[in-house]
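Please study the sequence and the structure shown here before reading on. The briefing that follows is arranged by topic.

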Amino acid sequence: MAPKNCIEVSFEVANKVGGIYQVLKSKSSTMQKFYGDNYWTIGIYNEENARDDFTPGKPPEEVKRIIEKFESNGIDVKYGSWRVPGNPNCLLLDISDVMDRADDLKSELWEEHGIDSMNVGNDFDEPLVWSNAVGKLVNELEDVLEGETVVQMHEWLSAPAMFEFDSPSVFTTHATVLGRALSNSDFHLQEAVKRGEVDDSLAEEYGVKAKHQIEKEAARGSDVFTTVSKVTAEEAQAVLNREPDVVLSNGFNVEEFPSLEELSFQHTNKKERMKEFLRAYFEPYYDVDLEKDPRVMYISGRYEFHNKGLDVFIDALAEMNEMDGDDVFAFIFVPSDVSGPKDEVLENIALYQELEDYIDSVMPEMRTQLLNSLTSYEDPGEKLNELIEETSRDVESLQHNFHARDTENAPLCAYDLNYFEDEIIDRLQSSGLTNSEDDRVKVVFYPTYLSRGDRLLSMDYQDAIKASSAGIFPSYYEPWGYTPVETAANGALSVTTDMAGFGQFLLENTDESERKGIRVLERKGVSDSEAASNLAEMLQDIVTYSKTEITERKHNARRMAQLTSWDKLGENYRKAHEKAIK
């Protein structure tokens, strides 16, 4: 009963806008092992993202005829391959010329499915027009593909497509629309999930009525309904009133990452680059100890203050700030609305680079002079003193300029924010984390996507992980949670929670004694303040590990991450697809 063809539909095919992109990308080679050239991906055409992700190609004759048919109807269908492992077949729909059809489609949703979508914005209209066209495209493809075809759809954005085709369907919700909205507010979602029901009326109250209705209809109408973790399965049953048929845990190809031996070498190099940034960032104001092996930790993800556990992370740092120990550096890699790097930080980095350039310029001459002195029996000490005296005036001037800041505290944020009030900054300040000289915990809020060309840290995200000691992800709401796995794959320790799908996966598949490199913080039934205190103790443990302990735990973290290999978890997709055919 196995299908011969699989059509995978997602708004994030060749369109990197969220976490589902990583899921699809990492499992693409596994899907091709199952289906070979009969694996098709369908997404929306975004010119900027497609430039990096999509390779145009010449379509087969039967597909070319379908493309021409769509073109005559105002929709440009791009054929090619998605530039991910395996380079699967890819069709991207450009719907920019048919957006005026949104109102008619919304009328159909109301008349045929009772979905009220008249008072929504473009974030609903665009997926609706796209997915409607996708459904029609699936019908056309099924006519030319030989053998049974299963359609795998992701999230509410692709759900309306299933109203247009009759192929066996698998619908996957990665996080319910209503659940995400509720969890990022004061609503106690977990308590409602325990009771087994979340009232539909809340969807209108929280502004997600139409999206929730579409998602609920897709869960009800799909042949196989799935989600990505047992945590989300419980939520889906309460929110969408259907128990998932299969749990499709998110896999990760750890084997594609460098070996731990290679990562150890990279860690040393990347850490030196990060230490240079920290010197430039903090030492214009006061001295920080970077000569040893400073402990650097980070948190990353979307700006969902409560959902991602930013509140608990900051509160834990505040408690750690009162504990004894060496300086600790914490990065908050959470993108926000910025106008650009702070001038103050750019100036500090420019002054530091000026120091570096000067040292680099005088070292060759010093080397030559010292060698001449040594080979001609001169007193090298006397020669060295002469060279130092010659450069001392320049050095003193550069040093004075570098330390000329007249403020006591280093900035909390490396960028200028466009919002006057910011939850992260407010929480840091109210928690007593101000980057004063007396603070043990020094914080850098870095509210933009990391890039090697950003003129500040000048690292991409993978490099930043490799340079760090640990990634901390104390999420309250996390359907799966790739970041702890990615952290472990890059040779750093990590913390997840029992509220995250991955954390629950670890609890069910490993013993506590096995989880040394990836710790699971308890958040179910625990107050935020208690969770923060427990996290502070975890962080204190992490920053006091010896080098031997860190190495041992990094190996353990890597083993934990390998439990999520797509070679193991990909079989769940095959089971879901076979179930849909049956």
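## Briefing on the predicted model

In helix α19 (residues 501–509), the buried residues are G501, F502, G503, Q504, F505 and L506; buried means under 20% relative accessible area, exposed over 50%, and partly exposed in between (1.4 Å probe, protein chains only). The cover over the buried residues of α19 includes α11, α18 (483–489), β16 (493–497), β17 (518–521), α21 (547–562) and α22 (566–581). Helices (H or I, at least four residues) and strands (E, at least two) are DSSP runs, numbered from the N terminus.

This is a predicted model, in which local features need pLDDT of at least 70 and side-chain atom pairs count only at pLDDT 80 or more, while totals for chains, interfaces and linings use all residues. Residues are numbered from 1 along each chain as its sequence is written, and side-chain values use heavy atoms, with hydrogens and water left out.

- Strand β11 (residues 328–333) runs parallel to β14 and is joined to it by 5 bridges.
- Within this pair of strands, F329 stands opposite K442 in β14.

- An open sheet of 9 strands has mixed pairing and the order β3-β4-β5-β2-β1-β6-β7-β8-β9.
- At its edges are β3 (54–56) and β9 (246–247), each pairing on one side only.
- Strands β2 (residues 39–44) and β5 (residues 89–94) run parallel and are joined by 5 bridges.
- The bridge partner of I44 in β5 is L93.
- Helix α5 packs on this sheet, touching β1 (5–9), β2, β5 and β6 (149–154), and its direction makes about 155 degrees with that of β2.
- Helix α11 also packs on the sheet, touching β7 (169–173), β8 (224–227) and β9, with its direction at about 125 degrees to that of β8.

- V150 is found in strand β6 and counts as buried because its relative accessible area is 0%.
- Although V150 and P3 are 147 residues apart in sequence, they are 6.3 Å apart in space, C-alpha to C-alpha.
- Leaving aside neighbours within four places in sequence, the contacts of V150 include P3, N5, C6, I7 and Y35.
- S169 lies in strand β7 and counts as buried because its relative accessibility is 4%.
- Not counting residues up to four places away in sequence, S169 touches V151, M153, M162, S222, D223, V224 and A580.
- G432 sits in the loop between α16 (423–430) and β14 (441–445), and counts as partly exposed because its relative accessibility is 35%.
- Beyond its neighbours within four places in sequence, G432 is in contact with N321 and D439.

**Cavities**

- Rolling a probe the size of a water molecule over the atoms shows where empty space is left.
- On a 1 Å grid over the protein atoms alone, a cavity is a set of points where a 1.4 Å probe fits but cannot get out, and lining residues have an atom within 4 Å of a point.
- Grid points are joined across faces, edges and corners, and a volume is the space filled by probe spheres set on the points.
- By this rule there are 2 cavities of 30 Å³ or more.
- The largest cavity holds about 90 Å³ of space, and α4 (102–113) and α5 (122–144) each supply at least two residues of its lining.
- Helix α4 gives the most to the lining of the largest cavity, with 5 residues.
- The second largest cavity holds about 30 Å³ of space and is lined by Q190, V193, V231, E234 and E235.
- Helix α11 gives the most to the lining of the second largest cavity, with 3 residues.

Methods. 1 Å grid on protein atoms, 1.4 Å probe; cavity = no way out; pocket = protein on both sides within 12 Å on 5 of 7 lines; lining within 4 Å. Pairing = 2+ DSSP bridges. Contact = heavy atoms within 4.5 Å. Axes fitted to C-alpha atoms, helices over the stretch in contact; angles between N-to-C directions.
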